[in-house]
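Hello, and welcome to this one. Here are a few notes to read alongside the model, in numbered points.

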Amino acid sequence: MSVVRRRRLGRPSSVATVIAIVFCAVWAFPTYWMVKTAFTPRPDALSSTPTFLPLNPTLENFETAIFQAGFFDNLRSSLIVTVGAVVFAVLLGLFAAAALSRFRFGGRRTILVIVLLIQMIPGAATLIPQYLVFNEAGLLGTYAGLILAYVSMTLPFSIWMMRSFFLALPAELEEAAQLDGASTWQVLTRILFPLVLPGVIATSVFTFINAWNDYLIAYTFMKDQSMYTLPVWLASFTSPLTGTDVSGQMAASVLFSLPVVVFFVLLQRKLVTGMSAGAVKG
Amino acid sequence: MTTRPRTGRAFAERRLPPVLLMAPAGLVLAAVTFVPLVVMVFMAFTDYDQRSLFTGEFSFVGVQQFADILTDGDFWAAFFRTIWFTAALVIGSIVIGVAISHLMTKLGGGMRTVVTVVLVFAWAMPNVAASLVWNWMFQPGYGVVNWLLTQLRVFGDMTATDWGANTGLAFTSIWLLVVWQAVPFIALTTYAAETQVGPEYIEAARLDGASEPRIYRTVTLPFLKPTILLVTILSVIWDFNVFNQIWLVSKGGPDGSTSTLGVFTYITAFVGLDLGTGAALALITALLLAAITSVYIRHLIRSGEDDL
């Protein structure tokens with residue numbers, strides 16, 4: 001197979017290579033422009049003739065970004081809600097996925113279909129009623145409320161993804177352990193959970209990206225500026241004196257995007273299959 | 001040891017453990033997803049507004065809000081805008097994505113890796129950051145896009161063009177932004193499928209003297225059909241719900257002329273604080289999306305049942 005495939009793919013056409021170079025130049029440009037501006041001194045960035053190479057690279061924009069009002073407070077908020085969402089979505093998802101893959105019981109199919117349908121509900125549709133329910137429950141403007149909103153957003157996919165990891169394990173595992181006298185709980189915690197660790201890690205990354213990137217829910221639910229998350233901070237990034245400071249804003253964008261980009265590069269293959277299953281809501 | 005009939009799973013006979021294992025996730029989904037959905041349907045028939053948030057007082061208005069919405073010209077403008085903009089986004093990103101996938105099969109290994117890396121970077125950028133980059137690139141005065149267009153000497157001096165002040169230009173820049181971020185997933189998914197096309201079929205067609213475009217149309221495309229169908233449906237769902245990019249680039253302006261149903265609903269509910277009407281709009285939007293994707297939903301339900 002690989003020999004045949006190499007023969008077919010191994011004759012790169014020069015026309016295709018030229019088109020690919022043009023495509024890469026266009027598609028990489030926004031990313032390049034963000035990074036380039038982030039390293040350009042502020043007066044140079046606001047020049048009527050743009051320079052395409054960072055001639056006087058500087059780190060001062062990153063300093064500006066980090067010492068911009070609210071950065072540390074909002075970084076802390078982002079970390080609290082992201083870690084909270086990951087822990088709960090993965091833990092609850094792990095238990096539910098175990099139940100939906102390693103046990104047989106009536107109504108299991110119905111539950112699976114419900115999980116899939118919940119996954120389909122657009123986030124914008126649940127935003128308004130969640131706002132009302134959280135208002136009644138006193139959860140608006142609290143980290144707990146935001147974590148709950150993120151858990152509900154990511155849990156269906158978390159269940160679905162980890163279930164596929166459980167299904168890959170042979171049934172003989174728990175049969176043998178039970179014959180040796182292990183309890184159900186022991187089989188789960190000592191045998192099954194450690195074996196689905198790769199699934200737990202992949203699901204954690206998906207949940208992290210969803211919670212870290214969210215702008216709309218945090219922007220709508222949080223009231224106290226010091227409790228905003230980084231996307232909200234980033235979107236309102238302005239200099240107190242002269243309005244928007246693009247160099248600082250691009251440096252802040254680089255810092256904010258960095259962890260997500262690292263995860264994408266590491267998990268690119270899993271993301272392609274994961275996205276098809278609805279892992280990251282658009 | 002072999003006398004006990006096998007039921008496939010050793011845990012098969014236990015009833016309590018699965019219920020206990022599912023209970024936490026079930027409770028959270030019931031409280032934070034299911035209850036709000038019921039509340040949404042309920043609220044859609046009430047005049048819940050800013051005052052109600054504090055006093056908890058509101059009254060039933062029956063189908064009045066639906067009647068108001070369906071006779072509101074702004075709603076219908078947003079409705080049709082959402083449909084055609086979604087179509088433009090889906091068509092643009094699918095055509096480019098599928099073309100890039102095919103391009104990748106014609107490249108040497110090194111160049112293909114470069115394309116993949118470029119795609120992954122565009123894909124990975126959080127959309128809030130991407131929207132800010134867009135605002136900067138399209139900024140009047142210092143934006144690099146206006147500078148480049150001016151250098152082309154085709155459109156005249158575009159240095160001061162404000163892309164946010166003109167409906168067509170605002171839509172163009174938002175379209176470019178969303179398509180830029182949507183193409184990578186489509187290209188990489190389609191490429192993964194395209195590498196699975198049996199080389200013997202392509203070789204046979206080539207020996208029969210078929211041209212490259214004809215081979216692509218008659219051998220490759222039919223093979224890719226299920227994959228393209230899947231990414232198209234996912235794109236419809238995602239593009240229909242695009243919010244951040246519109247909100248951060250144009251805020252739905254100028255004069256609401258780029259506001260899609262999502263933006264229209266958000267402004268009604270959280271700027272006008274008319275949450276009852278917002279709930280009715282969200283309900284209409286969700287039902288519309290469900291209708292558009294009903295074929296896919298039916299497929300999901302069937303696959304959920306086949307799965308076990």
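1. In which hand does α5(B) pass α8(B) in their crossing? The crossing is left-handed, a label given when the near helix is turned anticlockwise from the far one by less than a right angle, with right-handed for clockwise. Helices here are DSSP runs of H or I with at least four residues, and strands are E runs with at least two, numbered from the N terminus.

2. A word on the source: this is a predicted model, in which local features need pLDDT of at least 70 and side-chain atom pairs count only at pLDDT 80 or more, while totals for chains, interfaces and linings use all residues. Residues are numbered from 1 along each chain as its sequence is written, and chains are lettered from A and ligands numbered from 1 in the order in which they are written.

3. Back to that pair in chain B. Helix α5 (residues 109-124) and helix α8 (residues 167-194) have axes 8 Å apart and pack at an angle of about 130 degrees; axes are lines fitted to C-alpha atoms, for helices over the stretch in contact, and angles run from 0 to 180 degrees between N-to-C directions. α5(B) and α8(B) are therefore oblique to each other, since angles under 35 degrees count as roughly parallel, over 145 as roughly antiparallel, 65 to 115 as roughly perpendicular and the rest as oblique. Among the residues that meet are Leu119(B) and Trp123(B) from α5(B), and Trp180(B), Pro184(B) and Phe185(B) from α8(B); contact requires C-beta atoms, placed from the backbone, within 7 Å.

4. The axes of α6(A) (residues 108-120) and α8(A) come within 8 Å and cross at roughly 135 degrees. That makes α6(A) oblique to α8(A), and their crossing is left-handed. Val115(A), Ile118(A) and Gln119(A) of α6(A) meet Pro156(A), Phe157(A), Ile159(A) and Trp160(A) of α8(A).

5. Please look next at α7(A). This helix covers residues 123-137 and spans 20 Å between its first and last C-alpha, close to the expected 21 Å, where the expected span is 1.5 Å times one less than the number of residues. α7(A) bends by about 30 degrees at Pro129(A), the bend being the angle between axes fitted to the seven residues ending there and the seven starting there. Just after the helix, Gly138(A) has a positive phi of about 70 degrees.

6. Finally, some loops in chain B. Between α11 and α12 lies Pro254(B), joined to Gly253(B) by a cis peptide bond with omega about -5 degrees. Asp255(B) has a positive phi of about 55 degrees although it is not a glycine, and Asp255(B) is exposed, with 8 other C-beta atoms within 10 Å. Leu273(B), in the loop between α12 and α13, has a positive phi of about 50 degrees and counts as partly exposed, with 14 C-beta neighbours inside 10 Å.

Definitions and conventions. Contact = placed C-beta atoms within 7 Å. Buried ≥ 20, exposed ≤ 12 C-beta atoms within 10 Å, placed from the backbone.
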